[in-house]
Amino acid sequence: MKKIRIKKEAKMFLASFLATVAVIFLLIVATALYYKNTKTLPPIINNLIEKVTNTETSGLEDKLPMNILVLGGDEKEGGRSDTIMLVHIQKDFQPVIISIPRDTRVKIEGIRGYSKINAAYAYGKSKLAIKTVEDLLGVKIDRYVALNYEAVKKIVDAVGGVDVEVPFHLYYKDTTPGKELFIDIPAGLQHLDGEKAVEFLRWRHNSNGKEYGRGGDLGRIEMQKKFVFALIDKVLKPQNLIKLPSIIQTATKYVDHNFTRNEMVWFVQNAGKFSSQNIMTAVLPGYPKYIDNVSYYILDEEKCKQLVEDLNEPELIKENFRIKVIGESGSEKAALLKSELESKGYVNVGLGSQKSIQNSTIELKRINRKYLEQLRNDIDLSTFQVVYSPDYGEKYDVYIKVK
């Protein structure tokens, strides 16, 4: 198995919200900064890249859009992948990151009945995990990255730990032989070392059943976002950037991939084309359900179909847009904008109000940026802040808040 040149991966997952992507992203950003200033790659990076024996290819421009499967887990837990993400890099170089809950109920080739999708990696490593995701979503996976949580532990320790705001006391104890796990992290701002960081990432609920946010896999994904932002802040501090060579050297021991040398170099050289401000993240639409006393995540097939179709950014029909305009109580601005939109041909425009609005925002609930492009062609959005928060469970495609 070839070890990944962490730096390359990191570039592509520029702002992933899960630990796996965060680790790679941070390393690549640091390398990109070095490249920007020196126009060369750090010696250790060159040495690592030279060790890759994959077939050489040209840059990736002509291969975009590209789908990359990101897998993260702990071999001690039977090799199951705790983190599963589809990273779709669009032609404008902006990533769309789709989190696939590990409990997603699927058919795995060669396995009778239904299984949780995280078992695919345990049964057949990256090859079977790729096949399972391709069958599930009807997409072609072009590349993959598999990262062991041990890399997270080593990197967190290398940067001196990470400060994370813990929402409540995390306490979980499992004494099952072979699956022993003990998590005890107090509420409040906590300084996590590598071991505690992995515990934080693996936590799903307390022993008494208390969960976070939407619970289960969804709550766990939300928790992991907290860690990612904290890790980004810590790794990008000047005192840690100089540790890049040793961090990369350590992390590469725990990563597997199928990228070529030229592809890795391309990601580093094109770091500036990625913008963390434009990254979209979403979770496959669905809901938790117990079946035969087993906890699964059941996909909403129709909504998942819509999400996958939007990955290719199909052309949109203005009359089909579903927009809700929200204004402050007592203000006529929202009603005026609603009338303006209707005069431009938008027929499904709702109106709402709330007591106070801090900033004018336009919030996309779909991963197709053409919604935003079309609106910009028809109305002045120069004073609006754009927020990307895809959620296919929402009734409207776009929410516009008017200050």
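The lining of the second largest cavity divides into seven nonpolar residues, two polar and no charged. This is a predicted model, in which local features need pLDDT of at least 70 and side-chain atom pairs pLDDT 80 or more, while totals for chains, interfaces and linings use all residues. Numbering starts from 1 along each chain as its sequence is written, and side-chain values use heavy atoms, without hydrogens and water.

**Exercise 1.** Work out which residues line the second largest cavity and which element supplies the largest share.

*Solution.* 
1. A cavity is a set of points on a 1 Å grid over the protein atoms alone where a 1.4 Å probe fits but cannot get out; lining residues have an atom within 4 Å of a point.
2. At least two lining residues come from each of strand E1 (66-73), strand E2 (81-89) and helix H4 (119-137); H4 gives the largest share, four residues. Helices (H or I, at least four residues) and strands (E, at least two) are DSSP runs numbered from the N terminus.

**Exercise 2.** Classify the packing of H5 and H6.

*Solution.* 
1. Helix H5 (residues 149-158) and helix H6 (residues 194-202) have axes 7 Å apart, at an angle of about 135°. Angles run from 0 to 180 degrees between N-to-C directions.
2. H5 and H6 are therefore oblique, the class left after under 35 degrees (roughly parallel), over 145 (roughly antiparallel) and 65 to 115 (roughly perpendicular).
3. In contact (heavy atoms within 4.5 Å), H5 residues including Tyr149 and Val152 meet H6 residues including Val198 and Leu201.
4. The contact residues divide into six nonpolar, one polar and four charged.

**Exercise 3.** Locate the cis peptide bond and the positive phi of lysine 125.

*Solution.* 
1. Most residues other than glycine have a negative phi, and most peptide bonds are trans.
2. The cis bond joins leucine 64 and proline 65, with omega about 0°; proline 65 is in the loop between helix H3 (43-50) and E1.
3. Lysine 125, in helix H4, has phi near 55°.

How values were computed. 1 Å grid on protein atoms, 1.4 Å probe; cavity = no way out; pocket = protein on both sides within 12 Å on 5 of 7 lines; lining within 4 Å. Nonpolar A, V, L, I, M, F, W, Y, C, P; charged D, E, K, R; others polar.
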